[in-house]
Amino acid sequence: VLQFAGASGSDSACRNPEHPARHVAQQLHIALKEMKTLSDRFSDEVSELLNTSYCSPKLNGCDLETLQTAAGLPSVFDMAITVTENAASLTRECTARPCYAATVKLTVPCSEEDSNKCGTPWVITASINENQYLRTTVSAGSSPAPCL
């Protein structure tokens with residue numbers, strides 16, 4: 001992220017607003033990988049992954065608190081997993097049988113006190129597959145770019 005400071009140089013740094021969506025997607029990947037190792041399957045239910053059997057800092061470096069927080073904020077984080085058991089052909093998006101795509105859609109909350117002034121929100125979508133192929137797209141909202 002390139003950011004220019006004002007004349008005084010006192011502007012605070014703006015961190016990449018894509019990071020939360022990418023981080024949550026990575027945690028889903030870690031939990032799904034552990035599920036595959038333990039039970040030889042992937043789940044399309046995010047709720048199945050929200051426990052220490054599949055996601056734990058000590059077990060596999062997975063940030064369970066992040067996944068639980070994201071699951072508890074459905075108006076901000078929309079998480080979904082699509083599992084393809086028997087893909088007709090293997091591609092960059094589906095590299096094994098079975099394969100999956102874990103998607104996190106982050107709708108940036110309005111920072112205005114009056115929500116009627118918000119307009120169209122920014123939406124950041126991160127998707128990751130079983131081979132850690134991570135893609136991020138940003139749909140610009142009507143307000144200035146969000147900053148962490």
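In what order do the four strands form the open sheet, and is the pairing parallel or antiparallel? I began with this, and I found that the order is β1-β2-β3-β4 and that the pairing is antiparallel. I took helices (H or I, at least four residues) and strands (E, at least two) as DSSP runs numbered from the N terminus, and I called two strands paired if DSSP finds at least two bridges between them.

**What I was working with**

I noted that this is a predicted model, in which local features need pLDDT of at least 70 and side-chain atom pairs count only at pLDDT 80 or more, while totals for chains, interfaces and linings use all residues. I also noted that residues are numbered from 1 along each chain as its sequence is written, and that side-chain values use heavy atoms, with hydrogens and water left out.

**The chain as a whole**

I looked up the elements and found three helices and four strands, which follow the pattern α-α-α-β-β-β-β when read along the sequence. I then asked how much of the chain is buried, taking buried as under 20% relative accessible area, exposed as over 50% and partly exposed as in between (1.4 Å probe, protein chains only). Of the 148 residues, 32% count as buried. For contacts I used heavy atoms within 4.5 Å, and among the contacts with a separation of 6 or more, 49% are between residues 24 or more positions apart. The chain exposes about 8900 Å², of which carbon and sulfur atoms supply 50%; this area comes from the Shrake-Rupley method with a 1.4 Å probe, and for residues only the protein chains shown count as cover.

**The sheet**

I returned to the open sheet of four strands in the order β1-β2-β3-β4. Its edge strands are β1 and β4, each of which pairs on one side only. The twist averages 15° from one strand to the next, with axes being lines fitted to C-alpha atoms, for helices over the stretch in contact, and with angles running from 0 to 180 degrees between N-to-C directions.

I followed the pairing strand by strand. Strand β1 (residues 77–84) pairs with β2 (residues 99–107) in the antiparallel sense over eight bridges, and Ala80 stands opposite Thr103 of β2. Strand β2 in turn pairs with β3 (residues 123–129), again in the antiparallel sense, over seven bridges. In β3, Ile124 is the bridge partner of Leu106, and Ser127 is that of Thr103.

Next I checked how α1 sits against the sheet, and I found that α1 packs on the sheet and touches β1, β2, β3 and β4, with its direction at about 150° to that of β2.

**Helix α1**

I looked at α1 (residues 19–39), in which His19 is found. The helix has 21 residues and reaches 30 Å from its first C-alpha to its last, close to the 30 Å expected at 1.5 Å a residue; the expected span is 1.5 Å times one less than the number of residues. Its buried residues include Val24, Leu28, His29, Ile30 and Glu34, and what covers the buried residues of α1 includes α2 (57–60), α3 (64–71) and the strands β1, β2, β3 and β4.

His19 counts as partly exposed because its relative accessibility is 42%. Just after α1, Asp40 takes a positive phi of about 55°.

**The disulfides**

How many disulfides does the chain hold? Taking a disulfide as a pair of cysteine sulfur atoms within 2.5 Å, I counted three.

One of them joins Cys14 and Cys147, with the sulfur atoms 2.2 Å apart. Cys14 lies in the segment before α1 and Cys147 in the segment after β4 (134–139), so this pair ties together parts that are 133 residues apart in sequence. Cys14 is partly exposed at 22% relative accessibility, and Cys147 is partly exposed at 44%.

Another joins Cys55 and Cys62, with the sulfur atoms 2.0 Å apart; the link is left-handed, with -85° about the S-S bond, and both cysteines are buried.

Cys94 is buried because its relative accessible area is 9%, and Cys99 is buried because its relative accessible area is 2%.
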